[in-house]
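Biologist: Hi, I'm new to this one. Could you walk me through it?
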Amino acid sequence: MQIVTDQDVVVVGCGIAGLSAANRAVEHGLDVTVLEKSPKEKRGGHTRHSESFRVASSESDLESYGYEYNIDDYTPDDFYTDIMKQTNGKADDNLARTIVEEIGPTIDWLTERGVTWDMEPLNVGYTVARTFFDGEELVADLIEAAEEEGATFEYRTEAREILFEDGEVSGLKARNDDGDIEYRADAVIVAAGGYESSEEKRTRYYGSDYDAMPVRGSRYNTGEGIEMVLNAGGRATGQWGGAHMALIDSEAPPYEGGANRVDGYQYGVLINNNGERFFDEGEDARAHTYAKLGRIIFEEPDHEAFIVIDDPLKEHMRATGPGDWVTADSLVELLEKLGCDEPEEGVATIKEFNSATDPGEFDPDELDGNATEGLKLEKSNWALPIDEPPYHGYRVTGGITFGFGGAATDDRARALDSIGRWISGLYVAGNTTGGLFFDNYPGGTGLANGAVFGRIAAEEAAKYVGKEPVDALTADGGDGE
């Protein structure tokens, strides 16, 4: 066995949580090794396939860098309220508060580390401040920044076991192409993503058909990082049967398809293979429904559904492929082209829907109050009749982004054991953690979670190993207790 010594910190994973940890750690003068299970060309975890952060815009408008948020006046309190609303009040209060207070300064810091942003919204209909980015570029820029200050990145290296001496972390065992390796370190930060890319775990936690659900991001997020923390005495927490499951293109590949976005469904109707509506398309803005809608669609016949709109709505739609819009002069022809098993029933459903609409002014950027009346399943907003040909349709399914279960931490990213004690020297960040998301997910918050707690984990590790911080991004530098 090869022994690798003289590291202060080992970081497991190089998505946004691991990269934030590595960059903050080198700023503190720590000797850092980052272990990434994927090959170099696939590095970056789910972040490689991502595109946006949710940001409290009043905290930091990035004017010094020449950026402006696409929507102003989204305060930390607004952000906190959205997290609690979308998780039905179940989110850990301390974790949520930390994210909303720290994401503005963290975005500023990431910009200083070389990340570039596009502040223009990707489509109409957003109701929150967002920063957008190219995932591959962000990963490459943050790796370069960390390497320039001495961090080492090891690819095709899978962390296997956390090591202890006298009750404190002393490193970990890993495996690479040459065999087993032991990395000695005073602290370990596990930021290895979730369990969503494991067919076995998807079946265990979600049901027998979920082995077939497409994974939007990396194929390497198979849950061993979480298991490693739990085997080290960490506590399992969160909603293990819950997940960010998004509405995506039905032609998305099994893995690494990225966003495969199909936006604007909230303005039309969703029809299943039985020709029925099954969801209130106008319940809320896309950013607050898309991450639960994927699971709902996957539970429909043949795991698919069809977005149906008429021509005036086409300008409000956006799809990134690989599939394409289908167009026809009649609704029945459209549904037949889409492959709906019951096109005539679908036409009847849409006609009944049209009869229940009586819209006022349509506002795609706000909850406009245009609701149906008299349907068994009402539409709460943007209920416009689908009656102006040509008609357009798109086939969609559900894809998983990440699971909601993970290892327990406090608001300083410290791993907690089964009775709430900190496991000395062990930190956890990003989707390896649980306790933040339940039932649903406010779009763009996962990246914010990883960036904030990856940075905090490194700051806490620096204190633990005796390195004084070069500066403090947190308000009080306290221990969060």
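This is a predicted model: local features need pLDDT of at least 70, side-chain atom pairs count only at pLDDT 80 or more; totals for chains, interfaces and linings use all residues.

Biologist: Which residue forms an aromatic pair with W382?
Modeller: That's Y267. Their rings sit edge-to-face, 5.3 Å centre to centre, with 85° between the planes.

Biologist: And where do Y267 and W382 lie in the chain?
Modeller: Y267 is in the loop between β12 (262–263) and β13 (269–271), while W382 is in the loop between α9 (343–355) and β17 (391–407). The pair therefore ties together parts that are 115 residues apart in sequence.

Biologist: Why does Y267 count as buried?
Modeller: Because its relative accessibility is 0%, and buried means under 20%.

Biologist: How many aromatic pairs does a search of the whole structure find?
Modeller: The search turns up 19. Among them is the pair of Y74 and F79, with ring centres 5.9 Å apart. Their planes are at 35°, so that pair is tilted. Y74 is buried at a relative accessible area of 6%, and F79 is buried too, at 0%.

Biologist: Which residues do ring pairs link into a cluster?
Modeller: F402, F404, F437 and Y441.

Biologist: What about charges: which ring does the charged end of R286 sit over?
Modeller: The ring of Y290, 4.1 Å from its centre. There's also R414, whose charged end sits over the ring of W422, 5.6 Å from the centre.

Biologist: Switching topic to the sheet. What's the order of its six strands?
Modeller: It goes β6-β3-β2-β10-β19-β18, in an open sheet with mixed pairing. The strands at the edges are β6 (152–154) and β18 (414–416). Each has a single partner strand, so one side of each is left without a neighbour in the sheet. From one strand to the next, the twist averages 30°.

Biologist: In what sense do β3 and β6 pair, parallel or antiparallel?
Modeller: Parallel, over three bridges, with β3 covering residues 32–35. If you want a spot to look at, T33 stands opposite T152 in β6.

Biologist: And which strands does helix α1 lie across?
Modeller: Helix α1 (residues 16–27) lies across β2 (9–12), β3, β6 and β10 (187–190). The helix runs at about 170° to β3.

Definitions and conventions. Residues are numbered from 1 along each chain as its sequence is written. Side-chain values use heavy atoms; hydrogens and water are left out. Two strands pair if DSSP finds at least two bridges between them. Helices (H or I, at least four residues) and strands (E, at least two) are DSSP runs, numbered from the N terminus. Axes are lines fitted to C-alpha atoms, for helices over the stretch in contact, and angles run from 0 to 180 degrees between N-to-C directions. Contact means heavy atoms within 4.5 Å. Rings of Phe, Tyr and Trp (its six-membered ring) pair if their centres lie within 6.5 Å; planes under 30 degrees apart count as stacked, over 60 as edge-to-face and the rest as tilted. Buried means under 20% relative accessible area, exposed over 50%, partly exposed in between (1.4 Å probe, protein chains only). A charge sits over a ring if NZ of Lys or CZ of Arg is within 6 Å of the ring centre and within 35 degrees of the ring normal.
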